[in-house]
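The exercises below are to be worked through with the sequence and the model side by side. Each one sets a task and then gives a solution in steps.

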Amino acid sequence: MDFNVNLPIYLQIAEYVCDRILLQQWLPDEKIPSIRELAIELEVTHNTVLRTFEHLQSKNIVYTKRGLGYFIEPNALNLLNASRKEHFLKEELPSLFYKMNIIGFEIDELVNEFEKFKNKNNS
Amino acid sequence: MYYLTNTLNMITIQNLTFGYQKNKPVLANLNLQLESGKIYGLLGANGAGKSSLLHQICGIIFPQSGKIEVDQHEPAKRKLDFLKSIYILPEEVDTPNIAIKEYAEIYSPFYEKFDFSLFNNLLTDFEIPEHGSLHQISYGQKKKVMIAFGIATRSKYLFFDEPTNGLDIPSKKQFRKIIASAFEEDQIIMISTHQVRDLDQLIDCILILDDKKIILQADVNDITEKLVFKQVLDLSQSANVIYSEGGLKGHVVVAKNVNQENSKLDMELFFNAVSAEKNSILSLFKKL
């Protein structure tokens, strides 16, 4: 794994784990690779992976069974989808609105365009 | 407290002073405390005394004054219990002209936990021919044999002096994988290096040796809590900048992390920042 993005490595690993969940490669209540396995795969120290798992545990994405390792929370996928929506609402939508406002693009036009987009992609 | 000191493996150094000539100290009043379960990265300019410090801890050279304790052992006494708990890979490896297998047979009895199957696995990982001989292989390959040997000793204290010097690019990657897989909670690994980019993702705690002592000891997490590392187009647009380096695509900066921003530690930039703006950076960290 290349850690080029300017995010702490432990958060980049958290994104890696969340991507596996969103892609449903890792399923609810399924055991995920151990700290050591991930440390080797990603060439980082186990303290970094431990920090990732503690972070994900505090966000209710994974849980631990003593002595058995880490598992995916049943609700993890919903939580991640919700947090993606929130990210879209707070981070991406404002810049879209900003541009719309500048060029005078009205919301009715946007609704139209979005319906066209959905028809094209869902058919 | 008694319980803690008994279960944690520790290295404690107090007021260490050492020089190769009288009145020309390389290390002076150096203090340092290391605990198990961490991989330490020892950074310092050429000639700062990194190797001297490692050799002191391993009992190869002796302090002029001050005290070193490794698990209640004084390295200079070179007691058996101490010697078998420690392994150092020197920067320049010097190996006898014998078969690799023979080397392991001769030197492994010094380490009671020596793991032959691990040694063989590591050689395979490094693509070293199992039945090779130390005089038929390249410098980089010899270095890899010695890295494999060191890890296979399963010593509590492992010191690597510039381990990635002379290693090709795939071997550097392999080295990171091997350290990540072999490291145990009760060990201390210390890696001295100039090639920070090879190893930065492996290091838990940074030690900077400068002006004859350890001027900074900080966990990577701690550093990115206090400082933010980022790229900016216009220096005047960014606040709290302590250090910056210009480039074609704007500037990379080290700034005070006042807004709890998340960023990835750039170890090379950090080291340069500490060299250039020592006081302003050190004032943010615990005084040693």
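**Exercise 1. Locate the annotated domain of chain A and describe its span.**

The UniProt record, an unreviewed entry, lists residues 7–75 of chain A as "domain: HTH gntR-type"; its positions are given in the numbering used here, feature names are shortened, and annotations may be inferred rather than shown by experiment. In the model, which is predicted, so that local features need pLDDT of at least 70 and side-chain atom pairs count only at pLDDT 80 or more, totals for chains, interfaces and linings use all residues. Residues are numbered from 1 along each chain as its sequence is written, while chains are lettered from A and ligands numbered from 1 in the order in which they are written. The span 7–75 is 51% helix and 12% strand, and its end C-alpha atoms lie 26 Å apart, where helices (H or I, at least four residues) and strands (E, at least two) are DSSP runs numbered from the N terminus.

**Exercise 2. Determine which residues of α2(A) are buried and what covers them.**

In helix α2 of chain A, residues 35–42, the buried residues are A:Leu38, A:Ala39, A:Ile40 and A:Leu42. Next, their cover includes α1 (9–22) and α3 (46–58) of chain A, together with α7 (169–182) of chain B. Finally, the helix is followed by A:Glu43, whose phi is positive, near 60°.

**Exercise 3. Describe the side of chain A that touches chain B.**

**Exercise 4. Work out how the two domains of chain B are arranged.**

The domain assignment, whose bounds come from an automatic or database source, gives domain 1 (2–211) and domain 2 (220–282) in chain B. Their C-alpha centres lie 31 Å apart, and eight residues of domain 1 of chain B are in contact with six residues of domain 2 of chain B. On the domain 1 side, α8 (196–199) and β8 (205–210) of chain B each supply at least two residues.

Terms used: A residue is buried if 20 or more other C-beta atoms lie within 10 Å of its own, exposed if 12 or fewer, and partly exposed in between; C-beta atoms are placed from the backbone. Two residues are in contact if their C-beta atoms, placed from the backbone, lie within 7 Å.
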